[in-house]
Amino acid sequence: MSPASPPDGSRSGDLSRRFGFGVVGVGVFALTSSSSAPSPLYPVYQEQWGFSPAMLTTVFAVYVLALLATLLTVGALSDHVGRRPVVAASLLILLASMVTFIVSDSVTWLLVARILQGLAVGAATGALSAAVIDLQPNPKTGSLVNSVAPSLGLALGAAGAGLLVQFAPFPTVLVYALVAVLAVVLLVALFFVPETSPAVGFESSRHAWRSLLPSASVPREVRAPYVLILPCLMSAWALGGLYMSLGPSIVRSVFGVDNHLVAGLAIFALFAAGSLAAVAMRGRTPHRVVIAGVVVLATGVAAVVAAVLGGGIAVYFAGTALAGFGWGATFLGAMSVIGGLGRPHERGRIFATTFVVCYLAFSVPAMVAGAAASAFGLTATAVGYGVAVGVLALLAGAGLLLRAPKTGPAQLAEVPEPARP
């Protein structure tokens, strides 16, 4: 195993760390892009196996719930056993999920594949984010990669899958085969990545088991500002859940566009605009970024609702891009505010709790929307969902605008972000 830090002046050690930084950065991108790759295929599976919109959102939600459970239990495991073993195990689970996708012949196996995928991404989130910071060539590069790579992964994963499904042969095989090849390449490259966290192990078997117990809470003294910022995050993640679950069906059923590339591009527009916002808004006052973000998000969602009600697909894409920019700004600003709360040894606990809320906001409303779509129709559900997200965003922004001065300005913090589903 390579040393945690090379001797000063070691050119080979410096090259090894730069290579390692590239590998773990690609790893963040690969895992998140794999999570959005199945979305353009959902209408294909529905047509082949005849399951309902409610089951479709269940397929989406089990991924998030598996990711969430893994993040809460083994998210910090790499601090004890090292980064490389955790990342390697995650890549092997990802490889198994891709094989399961390829051989799936029913919705049951599709659920199994998504659960395995959630386990892989959840296990790797903490280790990869930490490794990116450990191996960064300068103090700003790591946080930039942790901010942009997940959004780009989600965007390009959906768009690339849509392109392959629409124009390439074997649509339910090729997408997953390419991800599987990438996982194998990363596994081989991982052997040459320096270990940045020595394997210190556990004090006892009891300590090991206790470390796996899920927990979620925040210190009492930060609860007021924390609860104030949380609804902003919830509105942003709930919007992402709508696009990742029902987005392709909206393009197909509401707008009558039976083109998987177009469905993938809608998801691409949302998350690519979010990546652009994360880069453009860095360094600005976090509270102002959040307030501006929720206003832009609500405006974009209003355009999306207008498009669904008859405005056309061009308006839908424009509204999606605008909402995506607001989503990215809201997420960046809110995470920066949260990064300024609590003492250093409390922030891991605060962020873990934050991710629990975010992933629940990402999955539970989408499952409710799936059931509503079966009962009331996709158009009514999309409109109702959009109105709810827009109202929540505006109310959250108004509350922050009125109360933020009392909580004091949080300083912009360089914090790693999770791998978004």
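Q: Buried or exposed: which is Tyr316?
A: This is a predicted model, where local features need pLDDT of at least 70, side-chain atom pairs count only at pLDDT 80 or more, and totals for chains, interfaces and linings use all residues. Numbering runs from 1 along each chain as its sequence is written, and side-chain values use heavy atoms, leaving out hydrogens and water. The cut-offs are under 20% relative accessible area for buried, over 50% for exposed and partly exposed in between (1.4 Å probe, protein chains only). Tyr316 comes in at 1% relative accessibility, so it counts as buried.

Q: What kind of aromatic pair do Phe255 and Tyr316 make?
A: Rings of Phe, Tyr and Trp (its six-membered ring) pair if their centres lie within 6.5 Å; planes under 30 degrees apart are stacked, over 60 edge-to-face, and the rest tilted. The whole structure has nine such pairs. For Phe255 and Tyr316, the centres are 4.9 Å apart and the planes sit at 55 degrees, so the pair is tilted.

Q: How many residues apart in sequence are the parts that this pair ties together?
A: Helices here are DSSP runs (H or I, at least four residues), numbered from the N terminus. Phe255 lies in the loop between H11 and helix H12 (260–280), while Tyr316 is in helix H14 (residues 313–339). The pair therefore links parts whose separation in sequence is 61 residues.

Q: Where in H10 does the kink lie?
A: H10 covers residues 223–245, and 18 of its 23 residues are buried, so the rest of the structure largely encloses it. The bend at a residue is the angle between axes fitted to the seven residues ending there and the seven starting there. In H10 a kink of about 25 degrees turns up shortly before the proline Pro231, at Ile229.

Definitions and conventions
Helix = DSSP H or I, 4+ residues; strand = E, 2+ residues; numbered from the N terminus. Expected span 1.5 Å × (residues − 1).
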